[in-house]
Every structure is written in structure tokens, then in C-alpha cells.
Amino acid sequence: VPIPPDFRTGLPRMDWSLLITQFLNGLQLGLLLFLLASGLTLIFGIMDFINLSHGSFYMIGAYFCGTVVALTGSFLAGIVFGLVGIFIVGAVVERFIARRLYRSDHLDHVLVTFGLILIFDTLVHLLWGAQGMAIPLPDILNGQIEIGTLVLPTYRVLIIACGLLVAALLYVLVVRTRLGMLIRAGASNRTMVEALGVNINRLYLIVFALGAAMAGFAGMLIAPITEASIGMGNDIIIVAFVVVIVGGIGSVKGAFYAALILGMLDTLSRSYLDVVLQLFMPVNYAETAAPALSAMLIYVLMAAVLAFRPQGLFPPAGAK
Amino acid sequence: VTRWLPKTVSSRIYAALLVLLAVAPFVLGWLDQPFYLDLLSRGLILAIAVVSLNLILGYGGMVSLGHAAYIGIGAYCVGIPAYYDYYSGWLHLALAIGVGGLFALITGAISLRTRGVYFIMITMAFSQMIFFIFLSLEEYGADDGLVIYARSEFPDWLSMDSALGLYYWIFTVLLLSLFFIHRLVHAHFGRVIVGSKFNEQRMQALGFNTYRYRLACYVLSAMLCSVAGVLLGNFAGFISPDIMSWPRSGELIFMVIIGGVGTLFGPLVGTIAFVLLEEFLSALTVYWHLIFGILLVLLVLYGKGGIHGWLGPLDRRGEDHG
């Protein structure tokens, strides 16, 4: 049933439950972006390494999880084994490929990691076939949670909870542990950390594999909704790059806020921009312009940040 | 007679290649192989785009991971006017150069304020923005693409309606862009561009406003790439946002690298090698991307200098004898 327009403004009446749903969708997208971008930003910040194939970890994580779920029937086992698997993949990529390139220029990083995307996409095609892989959810997660008049899908709430949990764990890791201290030091001044005699190779390996695991985790979380498919990470990774730029390279805190802002902006503009535009222009123009404009919005935000604050919103302390 | 030949072995090979490309349509026509003429046309269109990318990437050190956006802009500057029944070729070319140049001016002005990793990611992000805009334009087909029913109209002697006419359009644009870039990099302008790739501070200390030079170079390259897009739109007769998705930009960089970064003919040779390899491997197996990926990784780790680099030893041997 279409909602009758508000009699005072003539605009569509605010549908609060839709707004809350869209808000949660934005939060969900933001947290997934954070899982991808936090690894990326650390790898940029600490190793000065541009990893285009970070989106491949997102995809491989989903496929690992789906395979284990198909074998064991347990979603939890899928997540646990998937995380271990993608951590190992990340470590192997770091040890045998990325490590050889830290000293070469960025063009080499782009080329090799672009090659890795081709390799990973084709390997997934070889191993799992061209069709996507659906991941069934256990019954408990398939239901809905009712809060008052509000009905929320359990699984979406779980994604949000997991995203917040990982963010909290990462915060504790970065701010409260010795490893985190080294990570922060590395993001601020890599040369000094090396000069102080820290085993820099081990630090790089852990950061890279941890980043891969977080990207893989994001893939596992989204796959039951979208299903795992070849190249699923290739579009979202660009948005994750935008998050890294907006937040400030090397800053996990920046990645967190930027991911939430961009996730929210993207989701809400897709559903409400046409309504907003109708305030200024005829309905048919608004409905043509809105999708194109909402597709541009996050990039315009990025351009604005670069123009006024090139170091990002929250650059790591003491970064050059 | 040898006085008229190019001096080094590699430049003789390149000269022979150009002659070969000039007569190729007749040879292929005689052999009755229209498929290979199509393949060659597509390859040379890509070569123009790759040559334009090499101008900023090879000579200027600006690693743009969004150059395919300009191919898309050029192609849609044919497709959208054609959708409204405007078929004038000059209009298409002027639109492509204007729109491509303007987009490059705006995005370049922002992205050239940054360097290194930032520049790579920002060019990629802006190209993805254009990609998503065209993906959301339902009027022009969105992801289903847009069919161009007739080629751009030019005076009879310039007509691109026949396969042969289009081929010589492409070949001429390619020759002109090679000549243009040759003159450009050997002129004052090019020296500043190459200089600021290696040491921007020194160029600034010498009194050059390197930002302006780099921006001008970026815009020129984008305009040339937009022309390649016009040719692609005419050649393919069908365009979709996919031609400007960022993996396409990655492939363009790949082609520059195979041939040899920052050399005049490297991009042309690299593109031809890429297109032939793609054709050959994709006929062989559906998993040909795997071979491409491995090749790319090995090329970076071990094969410095691309094909032009491999020809280097031949030149030096020639010098010894001389």
C-alpha cells in the first residue's frame, strides 16, 4: 500500500521503519567497509604497499567459509576454519610476493597485485566453478528480532554486532598491546622502528595476514546474503580505498569513522536522494538525477577531503 | 642506401612494424582474413589509448589506474549523440576531446596535488565514479549498454564506414599520436615532465611550476585517450560501462609494461603482444587469465624493461660493430 503524501508539504510521508532499516543497512555496509579498510590502511601505512588484491581475500574468505559449511554443516566452523585459511593465504602472499616488493616503486605493487587478482579469480573459477556459491544460514540466524513494533532480521543484527566486536578487539590490540604499539609506531615512522631493532619482517607478516583475515571475515559475513561469487571484491575494494583516503592512510581510527560515514552516506543517498531532490526540481528530473548523483557522492566527498585536508580526517599521530 | 635506414636494430624493427601495419589490410584482404583485420583494428585502437597512458605513466611517472575512463568518455561521446541522431564525426571528436579534457582537468587538478599511493587510488576512484554514473543512466542503457547504429559521418574521402576506411583512420591517429609524443617529449615541455618525474624539487628550484606542467600533460593524455574511445565506439558499434571498469585500466598498464615503460614504441608493441596473446590463450583455455596473471607477476619480478628492454642488447651489439 503506497503511503499517502504528507498533507502539509506534499512530500512522501516519512516511513520511520524504512528509515531505521536503511540506517541499519548503512551501518552494516560501513562496518564491512571498515573490516576491509582497516587492513588496507595498515598495510599502506606500515609497509607503504598498495594491495589491489585485498578484495581477493574478501572473496576467498567467503569461498573457504562456504566450503567448510558445506562439509560440516556448521556456520561457526565455516567462520573459524575460514579465518585460519585466509590468515595462511595472507601470510603466504606476504612472505613470497609482497615482501620482495616493499623496496620497489608503487607501479610494481599495482602490477603484481593486479596479476594476483587475475590469478585468484581464475583459481576460484578452477576450484569452485563459474557459478556463485550460496551459504545456508542456521535456523537461529534466519529469524527476526522484534523490538517493540520494529522487526529486524537476526542475521543483519549479527553482522553489525560482529563488525563492532572486531572494531573493539582491533582497538584493544592497537592501543593496549605491545604488537599494537609497534603497529602504531610503524604507521608513524617506519624507518625509526627498523632502526630500533624490531623484527620488522615478523611485524609485516602479522599485519598483512591480519589484514587479509579481516577482509576474509567481511566476505564471510556478507556471503550468506549475496552468495560468494568470482570478482565479488573488485568493486567494494575501490570504496575501501576511498575510506582509506578519507580516513587518513595508516589510521585505524580514521578508517572506522570514514567507513561509517561513507557506508551511511551511500546507503541513505540511494534511498532518499530522490526525495531530497524533489524539493528543488520536478519529480521526473529528480528521479533521473538521483541514482547518478548518489553514485558520485562518496567520490565527491573524497575530492572535498583531499582539497581541504589532504592528509585525511584522522591521520596517525606524527605521520609525515 | 643504409644512410636512410634508422640507426639502431630496435628502431629498424619498429620501422618495419609500421610498414607492416600500413600494408596489413591489403595482405589480409588478399588472404581473405577479415577476422584478423578486426583484431588488428581493435589492437591499434587500444594502442592509441596505451600510447596516451604511457605519456603520463612512462614519461611523467604518474601512475594512473583510471585511464580506461577516458576510453569510455570518448565512446559515449559517440553513443549519446548518435542516440539523438547526431552523427557528425567532427561533433563526436570535438565532444570527446572537450569532455575528456574537462574531466581530466577537474580530476587531475585534485589528484595531482597528491603523489604515490594517493595518486593511484584517487585516479582509480574517479574512474570508478564515471563507471557508476554510466551504470546508473537508464536512459542510455545502463549496464545493458548502448548500440550505435551508424558510424560517425565524415566527408567521403575520410569516411570510416568501410572496415578499410576505419582501419586507416585508426592507423593515422596512431601515427599522429606517436609523432606528437615524440616531438612533445623532446621539446622543452617534455624535458620538464621527465625532469619532475625524477626530481620534482629540483625542477621547482629551477623555477618551473611543475604542477601546471604535469596537469597539462595529464589533460593532453586524457584527450588523446578520449579519441581512442571515439574510434572504439565506431569500431564496436556497441558500448557499455564495462569498457571503463577499473580492471580495464589495469590491463592498459599491463600493456605499457609488456612493451616497455617510457619508450616511444614500447606501448604499441606491448599492446599488439597483449591482444595476440589474449586471442591465442583464450582460444586455448577458459582459464587464460591465470596465465596472464602469472606472466604479469613474473614480468615485474624478473623481466625488467619489457619487450623494448629485451631488444636493448641487439642495439648495443650494433653499436660495437659500428
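**View 1. Ser127(B) sits in helix H5 of chain B.** This is a predicted model. Helix H5 of chain B covers residues 116–136. Ser127(B) has a relative accessibility of 1%, so the residue counts as buried. Which residues is Ser127(B) in contact with, leaving aside neighbours within four places in sequence? They are Leu65(B), Gly66(B), Ala69(B), Met244(B) and Trp246(B). Trp246(B) returns in the next view, where this residue is among those in chain B that lose the most area to chain A.

**View 2. Chain B meets chain A.** The contact involves 40 residues of chain B and 41 residues of chain A. About 3800 Å² is buried between the two chains. Carbon and sulfur atoms give 83% of that area. Which residues of chain B lose the most area to chain A? Tyr118(B), Met121(B) and Trp246(B) do, and together they make up 16% of what that side buries. How many salt bridges does the rule find across this interface? The count is zero. Over all chains, the count comes to five salt bridges.

**View 3. Helices H2 and H10 of chain B pack against each other.** H2(B) spans residues 34–59, and H10(B) spans residues 246–259. Their axes lie 9 Å apart. The packing angle is about 80°. H2(B) and H10(B) are therefore roughly perpendicular to each other. From H2(B) come Leu46(B), Ala49(B), Val50(B), Leu53(B), Asn54(B) and Leu57(B). They meet Leu252(B), Ile253(B), Met255(B) and Val256(B) of H10(B). Sorted by class, this contact has nine nonpolar residues, one polar residue and no charged ones.

**View 4. A salt bridge joins Arg42(B) and Glu278(B).** The closest N and O atoms of the pair are 3.3 Å apart. Where do the two partners lie? Arg42(B) is in helix H2 of chain B, while Glu278(B) is in helix H11 of chain B, residues 266–284. The pair links distant parts of the chain, 236 residues apart. Are the two partners buried or exposed? Arg42(B) is partly exposed, with a relative accessible area of 27%. Glu278(B) has a relative accessibility of 15%, so this residue counts as buried.

**View 5. Asp242(B), Arg248(B) and Glu251(B) are linked in a network of salt bridges.** The side chains of Arg248(B) and Asp242(B) meet at 3.1 Å, N to O. Arg248(B) also forms a salt bridge with Glu251(B), and here the closest N and O atoms are 3.4 Å apart. Both Arg248(B) and Glu251(B) lie in helix H10 of chain B. They are three residues apart, about one turn of the helix. Arg248(B) has a relative accessible area of 27% and is partly exposed. Asp242(B), at 42% relative accessibility, counts as partly exposed. Glu251(B) has a relative accessibility of 14%, so this residue counts as buried.

**View 6. Gly219(A) lies in helix H9 of chain A.** Helix H9 of chain A runs over residues 200–226. Is Gly219(A) buried or exposed? Its relative accessibility is 0%, so Gly219(A) counts as buried. Residues up to four places away in sequence aside, Gly219(A) touches Tyr58(A), Ala62(A) and Met232(A). Gly55(A) is 164 residues from Gly219(A) along the chain. The C-alpha atoms of Gly219(A) and Gly55(A) are separated by 8.9 Å.

**View 7. Glu227(A) has a positive phi although this residue is not a glycine.** Its phi is about 70°. Where is Glu227(A) found? Glu227(A) is in the loop between H9 and helix H10 of chain A, the latter spanning 233–247. The relative accessible area of Glu227(A) is 34%, so the residue is partly exposed.

**View 8. Asp85(B) also has a positive phi without being a glycine.** Here phi is about 65°. Asp85(B) belongs to the loop between helix H3 (68–83) and helix H4 (89–111) of chain B. Is Asp85(B) buried or exposed? With a relative accessible area of 59%, Asp85(B) is exposed.

Methods. Residues numbered from 1 in each chain as written. Chains lettered and ligands numbered in written order. Heavy atoms only, no water. Axes fitted to C-alpha atoms, helices over the stretch in contact; angles between N-to-C directions. Helix = DSSP H or I, 4+ residues; strand = E, 2+ residues; numbered from the N terminus. Parallel < 35°, antiparallel > 145°, perpendicular 65-115°, else oblique. Contact = heavy atoms within 4.5 Å. Nonpolar A, V, L, I, M, F, W, Y, C, P; charged D, E, K, R; others polar. Buried < 20%, exposed > 50% of the residue type's maximum accessible area, 1.4 Å probe, protein only. Buried area = accessible area lost by both parts, 1.4 Å probe. Salt bridge = Lys/Arg side-chain N within 4 Å of Asp/Glu carboxyl O.
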